[in-house]
Amino acid sequence: MQNKRDFFLECYDLGIIKFGQFTLKSGIQSPFYVDLRPLASDPKILKSLAEHLLSLTEIQNSELICGVPYAALPMATAMSLQADIPLIIKRKEAKAYGTKKLIEGIYKAGQKCLVVEDVITSGKSLLETIPKIESEGVKVSEIVVVLDREQGGKQLLENQGYKVSALFTISEAVEILHQEGKINADEVLRIKDFIAGNPIKFEKKRRLTYQQKLETAAHPAAKKLLEIAIEKQTNLIASADLLTTKELLAFAEKVGPHIAALKTHIDILSDFSFDETIYPLRNLAQKHNFLLMEDRKFADIGSTQEMQYAYGAYQISAWADLITAHLIAGEKSADLFMDTGVVAILSMSSVGALTDDHYFGKAVEIAQKHHNILGGVSQKSLPEDLLHFTPGINLETSGDGKGQQYNTPHFAFQNLGTDFIIVGRGIYKNPNPEQAALEYKIAGWKAYEESAK
Ligand code: BMP
């Protein structure tokens, strides 16, 4: 591969950077203008560019390549041919007819995608593109750009947890051109001044701390959960998806010290009884100071839910501090859940979940209004007045082969702004659940602290 400096000079000869006075899209006056489109018109350069860009990536971690339209499309195509990795295309606008798809090509939810961009300035076009790719279930594994104008965009994306590599920075380019006598010292100074004085302003969104959330929390169960989180320094909810009372109680005893709540699917137990299951479980909850969250996912009309909640073998209302409920039956269906804190299912972690943006938006509106609802289960960011619970967390794997999709605690806090992570198999399938719970507790707390900085 040709060295980077010689390669840059060849690219420069195609007229990709112009010096003078230019008005940018934002209205700002800039002493230089970058247009990388000419690179695609020289097959030899385009081929080398693809090689250089690929060398910056950990390409083995990506299963797809996508270029931000339009300038990066030929670059992404050349990289795809060279690395033998399928290309997908993000449309600028969704088609108004036919499939109405935003992403074209062959891909599966859960696949990881390398995103290619020509120039990064504020990061705005990438920030528009990434959610469109991710809303199809495709994960952005990393981002590679040809030229970084050093005006804040790269940092903005990195603050959101993305790995961004740039082949050239504008400072590097200016340095090379100065050494080669292509621009004079005055021009260098003007450009450096511009870079130093005109960064595009951005603010890192800082999350509310648990203490701040506690001060405004209205529901007693939300208050209790936040108090426990602060006291035990944990945002971990262990999902105890176990089939016998013996296993459930042994698990609760082991992980109890490290969790804020224990999530149950009480109807999967083969030997449930109040005496053998619930009383000992409540004692453990008291001993280790955690809440019980029954993941019943109520999804019926209010009157039926009332019976499911208070009657039957499980009498959930008698022992659960928190329950989960869909809001598919509308706002009134949540009226009956007395003092139990309701965690609404707002969007789900599995591939192809039907909780699309419209459903999600309506469900969030209900959740924010309803006094029984203290928060939601979600894979998307939530308003700060709702506690955010995120399942689909695993440090080791990205899926279970049955539709579940996993993220890391870091991703959940950094990118989704979550409050509580829910971990099932990552802990209960581990040969040492106690140790695993401690690891997730530490990872979750570290991720929280980083996102609150
Ligand atoms: P696991 O970490 O083993 O995949 O378990 C996740 C737990 O969270 C399961 O109990 C599942 O029912 C629940 N859950 C989920 O995985 N995704 C959702 O969107 C909502 C859930 O409640």
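Which elements do the buried residues of helix 1 pack against?

## Helix 1 and its surroundings

This report describes a predicted model. In that model, the buried residues of helix 1 pack against strand 1 (17-23), helix 2 (43-55), strand 8 (164-169) and helix 6 (170-179). Helix 1 itself covers residues 4-12, and its buried residues are Phe7, Phe8, Leu9, Cys11 and Tyr12.

The N-terminal end of helix 1 is capped by asparagine 3. A side-chain oxygen of asparagine 3 lies 3.0 Å from the backbone nitrogen of arginine 5.

## The chain as a whole

The protein chain contains 16 helices and 16 strands. Along the principal axes, its C-alpha atoms fill a box of roughly 85 × 45 × 45 Å. The chain has 453 residues, of which 50% count as buried.

The domain assignment divides the protein chain into domain 1 (4-196) and domain 2 (210-452). Taken over C-alpha atoms, the centres of domain 1 and domain 2 are separated by 40 Å. Eight residues from domain 1 and six residues from domain 2 take part in the contact.

The size of an interface is often given as the accessible area lost when the parts come together. Here domain 1 and domain 2 bury about 550 Å² between them, with 43% of that area on carbon and sulfur atoms. Within the area that domain 1 buries against domain 2, Ala109, Lys139 and Gln160 supply 52%, more than any other three residues. Across the interface of domain 1 and domain 2 there are zero salt bridges, while three residue pairs are in polar contact.

## The nonpolar cores

The largest nonpolar core has 83 residues. Leu262, Phe389, Phe420 and Ile427 are the residues with the most contacts inside this core. Helix 16 (residues 433-452) contributes the largest share of the core, seven residues. A second, separate core has 43 residues, including Leu54, Ala78, Met79 and Leu114.

Apart from its neighbours within four places in sequence, leucine 262 is in contact with Ala238, Ala240, Leu248, Phe251, Ala252, Val255, Leu281, Phe290, Leu291, Leu292 and Met293.

Is threonine 264 buried or exposed? Threonine 264 has a relative accessible area of 1%, and it therefore counts as buried, given that the limit for a buried residue is under 20%. Threonine 264 belongs to strand 10 (residues 261-264). The side chains of threonine 264 and glutamate 294 are joined by a polar contact of 2.7 Å. Not counting residues up to four places away in sequence, threonine 264 touches Leu248, Leu281, Met293, Glu294, Asp295 and Trp319.

Tyrosine 440 is placed in helix 16. Tyrosine 440 is buried because its relative accessible area is 3%. With neighbours within four places in sequence left aside, the contacts of tyrosine 440 are Leu236, Ile393, Asn394, Leu395, Glu396, Pro409, Ile421, Val423, Gly426 and Ile427.

Most residues other than glycine have a negative phi, and most peptide bonds are trans. In this model, the peptide bond from proline 69 to tyrosine 70 is cis, with omega near -5°. Tyrosine 70 lies in the loop between strand 3 (64-67) and helix 3 (72-83).

Two residues with a positive phi may also be described. Glutamate 150 has a phi near 55° and is located in the loop between strand 7 (139-148) and helix 5 (153-159). Lysine 297 has a phi near 45° and is located in strand 11 (residues 291-298). Glutamate 150 counts as partly exposed because its relative accessibility is 27%. Lysine 297, at 24% relative accessibility, also counts as partly exposed.

Terms used
Residues numbered from 1 in each chain as written. Predicted model: local features only at pLDDT ≥ 70, side-chain atom pairs only at ≥ 80, totals over all residues. Heavy atoms only, no water. Core = buried A, V, L, I, M, F, W, Y, C linked by side-chain atoms within 4.5 Å. Buried < 20%, exposed > 50% of the residue type's maximum accessible area, 1.4 Å probe, protein only. Helix = DSSP H or I, 4+ residues; strand = E, 2+ residues; numbered from the N terminus. Contact = heavy atoms within 4.5 Å. Domains from an automatic or database assignment. Buried area = accessible area lost by both parts, 1.4 Å probe. Salt bridge = Lys/Arg side-chain N within 4 Å of Asp/Glu carboxyl O. Polar contact = N/O pair within 3.5 Å; in protein donor to acceptor, adjacent residues only side chain to side chain.
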